[in-house]
Amino acid sequence: MATYKCKQCSHEVVAAVQPTECDICGSNEIVLVRNQVTAYAEEKVTVKSFRAIIQSFCKQIGWVINDLSDRRAIIRFSMPSGKVQNIFIIRHNTTLEFSVTSGVKFNSQNEIPGWLSTLLLCQNTDYRIGFWCIEDIDGKKTCSLMHNTEFRLIDFAYFKKIVIHLVDECDKFEQSVEKILKEL
């Protein structure tokens with residue numbers, strides 16, 4: 001939905017599609033005043049709402065936030081495997097990036113084994129939430145599991161599903177790679 005205004009008589013109308021003429025004066029000089037979806041998204045992704053929503057969701061679930069700023073949240077999970085997984089939630093304007101960095105790191109792109117890249121790409125085809133990528137972190141090529149979504153689409157259930165999936169899958173991945181490397 002958007003708000004449109006007639007240039008001739010200043011009449012405003014809220015509609016899903018831009019009107020071809022004004023209902024009041026019949027003019028065809030109609031301009032977009034405000035896109036409701038854009039306005040909602042911009043309004044929703046404020047520093048205050050980012051912090052409040054992350055805090056609210058984590059409180060409902062019982063998760064402890066290890067670090068929270070205007071742009072980023074970090075939640076740490078102790079996994080049944082004995083490892084600790086950190087999820088980073090980073091606000092990029094109207095987009096939220098969820099990221100779990102694995103312990104699988106390489107000094108350069110050339111050191112990444114082909115079988116590992118193939119494994120990650122094949123796993124990506126099975127995911128509806130998240131994708132594997134290789135990030136530059138502290139000068140290392142790091143395997144990370146990410147998910148990006150518009151902030152306006154986040155609700156409690158979606159937030160929880162994203163976080164649990166990314167943390168669990170990253171932990172499984174690390175265990176699988178450790179097992180494969182021991183067998184080599």
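Which residue in strand 9 is the bridge partner of Phe98? The bridge partner of Phe98 in strand 9 is His147. This report sets that pairing in the context of the sheet, the helices packed on it and the salt bridges.

The structure is a predicted model, in which local features need pLDDT of at least 70 and side-chain atom pairs count only at pLDDT 80 or more, whereas totals for chains, interfaces and linings use all residues. Residues are numbered from 1 along each chain as its sequence is written, and side-chain values use heavy atoms, with hydrogens and water left out.

## The sheet

Helices (H or I, at least four residues) and strands (E, at least two) are DSSP runs, numbered from the N terminus. Two strands are said to pair if DSSP finds at least two bridges between them. In general, strands of a sheet pair through backbone hydrogen bonds, either parallel or antiparallel.

Six strands make up an open sheet with antiparallel pairing, in the order 4-5-6-7-9-8. Strand 4 (65–68) and strand 8 (131–137) are the edge strands, each pairing on one side only. From one strand to the next, the twist averages 30°; angles run from 0 to 180 degrees between N-to-C directions, and axes are lines fitted to C-alpha atoms, for helices over the stretch in contact.

Strand 7 pairs with strand 9 in the antiparallel sense over nine bridges. Strand 8 and strand 9 run antiparallel and are joined by seven bridges, and Asp136 has Lys141 in strand 9 as its bridge partner.

Strand 9 is mostly covered, as eight of its 11 residues are buried. Buried means under 20% relative accessible area, exposed means over 50%, and partly exposed lies in between (1.4 Å probe, protein chains only).

Phe131 belongs to strand 8 and is partly exposed, because its relative accessible area is 31%. Leaving aside neighbours within four places in sequence, Phe131 is in contact (heavy atoms within 4.5 Å) with Asn124, Ser144, Leu145, Met146, His147 and Asn148. The C-alpha atoms of Phe131 and Ser144 are separated by 8.3 Å, although these residues are 13 residues apart along the chain.

## Loops with positive phi

The hairpin of strand 8 and strand 9 has two residues between the strands. Asp138 lies in the loop there and has a positive phi of about 50° although it is not a glycine. Asp138 is exposed, with a relative accessible area of 77%. Asn93, in the loop between strand 6 and strand 7, is likewise not a glycine and has a positive phi of about 50°. With a relative accessible area of 64%, Asn93 is exposed.

## Helices on the sheet

Helix 3 (residues 114–126) lies across strand 7 (95–106), strand 8 and strand 9 (140–150), and runs at about 135° to strand 8. Helix 4 packs on the sheet as well, touching strand 5, strand 6 (84–92), strand 7, strand 8 and strand 9, and its direction makes about 10° with that of strand 7.

Asp168 lies in helix 4 and counts as partly exposed at 34% relative accessibility. Its C-alpha atom is separated by 12 Å from that of Met146, which is 22 residues apart along the chain.

## Salt bridges

Side chains of opposite charge can pair when their charged atoms come close. A salt bridge is defined as a side-chain nitrogen of Lys or Arg within 4 Å of a carboxyl oxygen of Asp or Glu. The structure holds five salt bridges, including the following.

| Salt bridge | N to O distance |
|---|---|
| Arg51 and Asp70 | 3.0 Å |
| Glu178 and Lys83 | 2.6 Å |
| Lys172 and Glu169 | 3.2 Å |

Arg51 lies in helix 2 (residues 47–61) and Asp70 in the loop between strand 4 and strand 5, so this pair ties together parts that are 19 residues apart in sequence. Glu178 lies in helix 4 and Lys83 in the loop between strand 5 and strand 6, so that pair ties together parts that are 95 residues apart in sequence. Lys172 and Glu169 are separated by about one helical turn, because they are three residues apart in helix 4. Lys172 is partly exposed, with a relative accessible area of 48%, whereas Glu169 counts as buried at 16% relative accessibility.
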